[in-house]
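Subject: Structure for your review

Dear colleague,

Please find below the structure that I am handing over to you. My notes on it follow directly after.

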Amino acid sequence: MRIAVNTRFLIEGKLEGIGWFTHETMKRITLQHPAHQFFFFFDRPFPQSFIFSDNITPILLPPQARHPVLWYWWFERSIPAVMKQIRPDLFISPDGYLSLNAQVKTLLVIHDIAFEHFDGHVGFLTRQYLRYYSPRFARYADRIATVSQFSKKDISKTYGVDPQKIDVVYNGSRDVFRPATPAEVESVKNKYGIQGDYFIYAGAIQPRKNLANVFRAFDRFRQRNEGEVKLVIAGRKAWKFREALEVYNAMQFRNDVVFTGHLSSSDLSALLSGSLALVYVSLFEGFGLPIVEAMHCGTAVITSNVSSMPEVAADAALLVDPASIVAISDAMGKIYRQPALRNLLIEKGNIRKQAFSWQKTADLLWESAMKVVGLK
C-alpha cells in the first residue's frame with residue numbers, strides 16, 4: 001500500500017504538540033509496517049533524522065504553509081499535484097488540515113477545535129480560515145482520529161459528524177519524561193537560575209493557556225504562604241501573549257517568576273521532576289499532554305476541571321475552575337503545605353500514566369487507517 005503523510009509539523013528543533021504526535025506515531029508506524037511505502041510531505045527543508053525507515057520517500061513541497069493563503073495553496077494546489085504523480089492509496093493528515101481537491105481516501109487527525117469556542121485567541125484570518133474549512137475537512141475525511149472522548153463529542157456535535165466515524169487515539173509520553181535524579185534537577189535549576197521550591201507551567205504562552213490567571217493566583221499564593229517559592233514558565237511566547245505579560249508586570253512577586261523560554265525535552269523533564277507541581281489550568285484542551293508528561297516525571301498536577309483535562313487526569317490531579325484565581329491559588333497552597341497530599345497525587349499519577357503511551361497511540365492510529373481502506 002502507498003500512504004502519503006502530511007509531515008509539515010516535523011520541524012527540526014521546534015517540535016511541539018502536533019509535531020511530537022506526528023513524530024512519535026509515524027516513526028513507529030513506518031518501522032513496524034515495512035511492507036508499505038510512505039511518502040512524507042514537507043513544506044521546508046528537513047533533516048535526515050525525520051526519515052525513520054527505508055520505506056519512506058520524502059517530498060519537499062513549496063510554499064512554506066504558515067499563513068491562510070499559503071495553507072490554501074499547499075493543501076489545494078501543491079498536494080493534489082503530487083498526489084496525481086504518486087497515486088497513494090491513503091492520505092494521513094495529523095494536523096487537522098487536508099486537501100479537498102485530492103482524490104484519495106483520507107484519515108484526518110483533529111486534536112481540538114478550540115477556535116470554534118474562543119473568538120480572540122487566534123488571529124482573525126486564521127479563525128476565519130479554520131471556521132470555514134474545518135467543518136468541510138471533517139465531513140470530507142473518510143475517517144477522523146482525535147485525542148480524547150471530549151474532543152470526539154465536540155467534533156461530532158459541532159460539525160454534525162457521525163460519532164461512529166471518529167476514533168479516539170490518546171496521546172502518549174516519550175521516554176525522556178521520567179523522574180530525574182537530584183543531581184540532574186540541580187544542574188538544570190542552576191542552568192536557569194532557579195533556587196529553592198517552585199511550581200511549573202509547561203507550554204506556549206497564549207491566551208487559551210490562561211497564564212494571566214496563573215500569575216494572579218501565584219501572587220495570591222505567595223501573599224498567604226511563607227517561604228520564597230518560585231513560579232517557572234517553561235515555554236515560548238506564541239501569540240496574543242500581551243495580556244499575560246501585562247498581568248506579570250503588575251505582579252507583587254514578579255521577581256520570583258522565571259521564564260525559561262522553549263526547553264529541550266531533557267531540561268523540561270528535569271524541571272518537571274523537581275517541581276512542587278505542574279500548574280496547567282488551561283481554558284480548553286483537546287488532550288493536555290503536559291499533564292501526562294508530568295505524571296511520568298513523578299510530579300503532582302494541578303489542572304482544570306473543564307474540557308478534556310478531567311478525562312486525562314482522572315483522580316490523579318487537583319481539578320480547579322480555571323476562571324477562579326482563588327481556586328488555583330488554594331490548590332497551590334494545598335500542595336505546598338500538605339506533603340502527604342502531594343505524595344498521594346504522585347502515586348495516583350504513577351497508576352494513571354500507564355493508560356498513555358505512544359505505542360498505544362500508534363497502534364490505534366494504524367487501526368483507524370486500516371478502517372479507511374477496508375482492512376479492519
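At what angle do α6 and helix α11 pack, and how far apart are their axes? The angle between α6 and α11 (residues 325-337) is about 55°, and their axes are 8 Å apart. That makes α6 oblique to α11, and the crossing of the two is right-handed. Please note that this is a predicted model.

On the α6 side, the residues that meet α11 are Asn213, Val214, Arg216, Ala217, Phe218, Arg220 and Phe221. Their partners in α11 are Ile325, Val326, Ile328, Ser329, Asp330, Met332, Gly333 and Tyr336. Sorted by class, the contact of α6 with α11 comprises 9 nonpolar, 3 polar and 3 charged residues.

Helix α6 (residues 211-224) also packs against helix α7 (residues 242-249), at an angle of about 15° and with the axes 8 Å apart. Angles under 35 degrees count as roughly parallel, and α6 and α7 are therefore roughly parallel to each other. The crossing in which α6 passes α7 is right-handed. Leu211, Ala212, Phe215 and Arg216 of α6 make this contact with Glu243, Ala244, Val247 and Tyr248 of α7. The contact of α6 with α7 has 6 nonpolar and 2 charged residues, and no polar ones.

Turning to the other partner of α11: helix α12 (residues 339-352) packs with α11 at an angle of about 100°, the axes being 5 Å apart. Because the range from 65 to 115 degrees counts as roughly perpendicular, α11 and α12 are roughly perpendicular to each other. Here Lys334, Ile335 and Arg337 in α11 meet Pro339, Leu341, Arg342 and Leu345 in α12. By class, 4 residues of the contact of α11 with α12 are nonpolar and 3 are charged, with no polar ones.

Leaving aside residues up to four places away in sequence, Phe38 touches Ile3, Val5, Met26, Ile29, Thr30, His33, Asn55, Ile56, Thr57 and Trp366.

Is the charged residue Arg127 buried or exposed? Arg127, found in helix α3 (residues 124-140), has a relative accessible area of 13% and is therefore buried, the cut-off for buried being under 20%. Between Arg127 and Pro68 there are 9.4 Å in space, C-alpha to C-alpha, although the two are 59 residues apart in sequence.

- The peptide bond from Pro62 to Pro63 is cis, with omega near 0°; Pro63 is placed in the loop between β3 (56-60) and α2 (68-86).
- Ser307, although not a glycine, has a positive phi of about 50°. Ser307 is in the loop between β12 (301-304) and α10 (309-313), and counts as buried at 18% relative accessibility.
- Ala314 has a positive phi near 55°, again in a residue other than glycine. The loop between α10 and β13 (318-320) holds Ala314, which is partly exposed with a relative accessible area of 33%.

With kind regards

Technical notes:
Residues are numbered from 1 along each chain as its sequence is written. This is a predicted model: local features need pLDDT of at least 70, side-chain atom pairs count only at pLDDT 80 or more; totals for chains, interfaces and linings use all residues. Side-chain values use heavy atoms; hydrogens and water are left out. Axes are lines fitted to C-alpha atoms, for helices over the stretch in contact, and angles run from 0 to 180 degrees between N-to-C directions. Helices (H or I, at least four residues) and strands (E, at least two) are DSSP runs, numbered from the N terminus. Angles under 35 degrees count as roughly parallel, over 145 as roughly antiparallel, 65 to 115 as roughly perpendicular and the rest as oblique. A crossing is left-handed if the near helix is turned anticlockwise from the far one by less than a right angle, and right-handed if clockwise. Contact means heavy atoms within 4.5 Å. Ala, Val, Leu, Ile, Met, Phe, Trp, Tyr, Cys and Pro count as nonpolar, Asp, Glu, Lys and Arg as charged, and the others, Gly among them, as polar. Buried means under 20% relative accessible area, exposed over 50%, partly exposed in between (1.4 Å probe, protein chains only).
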